[in-house]
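User: I am new to protein structures and would like a close look at a single part. Could you walk me through one group of charged side chains and what they pair with?

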Amino acid sequence: MTLATLRRWDDLLGGGDLAGCGARRLRRVVRGYRRAGPAGRRAMLPALAESAQLAGWLAADAGDLGGGLVAYRLALRAAVAAGQPPLAGHVLASASHLLADTGDPAGALVLARIGYAAGRATASPGLRALLLHRVALAAALAGRPRAAGQALAGADRAGTPEPGREPPWLYWLDAAELAAMTGRTLVALGRPAAAVPLLTPVVGARSHPRRSAVYGGWLARGHLCLGAVPEACAVAGEALLDAVRSGSPRAVGQLTTFRRGLAHAPPGPATRGYARLVASARPYLPSGVPRHPRDRPGR
């Protein structure tokens, strides 16, 4: 399976289904790297870095914190050795996203800032915006609203992805995704009224189940903060089904956060209906199968 093929599969399937594929592909690349001579190894460094980054992303989406960090460390070493600061910045930003999802916003903010500093000078417009969005989300989750706002403003100034100027590993980033990232950070900042219009188009598209599930969790939280409980439950219900379709434990995590908030809402038909849906869907929801951190790629 080529790296490009695995990336396209990641558009439709979650880490629960693909993490094993990513790890096996990375092991093959590592074996090839070890068998190559000095010149061959230098030539393989970019492919090694990209393979490790994708393997880390898939492991993180599967709920495998240790496996994701191990792969990201390998990706970072390879990107630095290959002399590719933009890719190194992307790897650090990916690791930041993993920490943000697992409840370490302070650590996520440190990595996101380092990633932006590493890649900004030679980054394409889309990558520069993405790196700043990673900073913004981590800062918002860490309770740093001023830093989050500054990063959002910088991301807006960076512009949108430009065809032909973006690296191939950033093919998935577009204006709609960047808008949804802004909406997600605004929810984290307690500004749901501004967030809901930005999140709604991406969630409603439903062309990418995991994306709809993840952003749907944030949109449901935004509606809930506005006191729109029926709307929140309707969005969360669709996101729950998308989480089942995608096989992404990370998406389920977002909905778990929403459910905790919903517990404080007044009971009613919408909340009871959502509770019944959760109970019905529970046997089909993806769950992570953590790999031991010592199970390093290449073994």
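Analyst: Aspartate 10 and arginine 210 are both buried, where buried means under 20% relative accessible area, exposed over 50%, and partly exposed in between (1.4 Å probe, protein chains only). This is a predicted model, in which local features need pLDDT of at least 70 and side-chain atom pairs count only at pLDDT 80 or more, while totals for chains, interfaces and linings use all residues. Residues are numbered from 1 along each chain as its sequence is written, and side-chain values use heavy atoms, with hydrogens and water left out.

Now to the pairing itself. Side chains of opposite charge can pair when their charged atoms come close. Aspartate 10 and arginine 210 do this in a salt bridge, at 2.8 Å from N to O; the term means a side-chain nitrogen of Lys or Arg within 4 Å of a carboxyl oxygen of Asp or Glu. Aspartate 10 sits in helix 1 and arginine 210 in helix 11 (residues 209-225), so this pair ties together parts 200 residues apart in sequence. Helices here are DSSP runs (H or I, at least four residues), numbered from the N terminus.

Arginine 210 has another partner: aspartate 61, with the closest N and O atoms 3.1 Å apart. Aspartate 61 is buried because its relative accessible area is 0%, and arginine 210 counts as buried at 9%. Salt bridges with shared partners join Asp10, Asp61, Asp101, Arg210 and Arg250 into one network. In the whole structure, a search finds 8 salt bridges.

Definitions and conventions: Helices (H or I, at least four residues) and strands (E, at least two) are DSSP runs, numbered from the N terminus.
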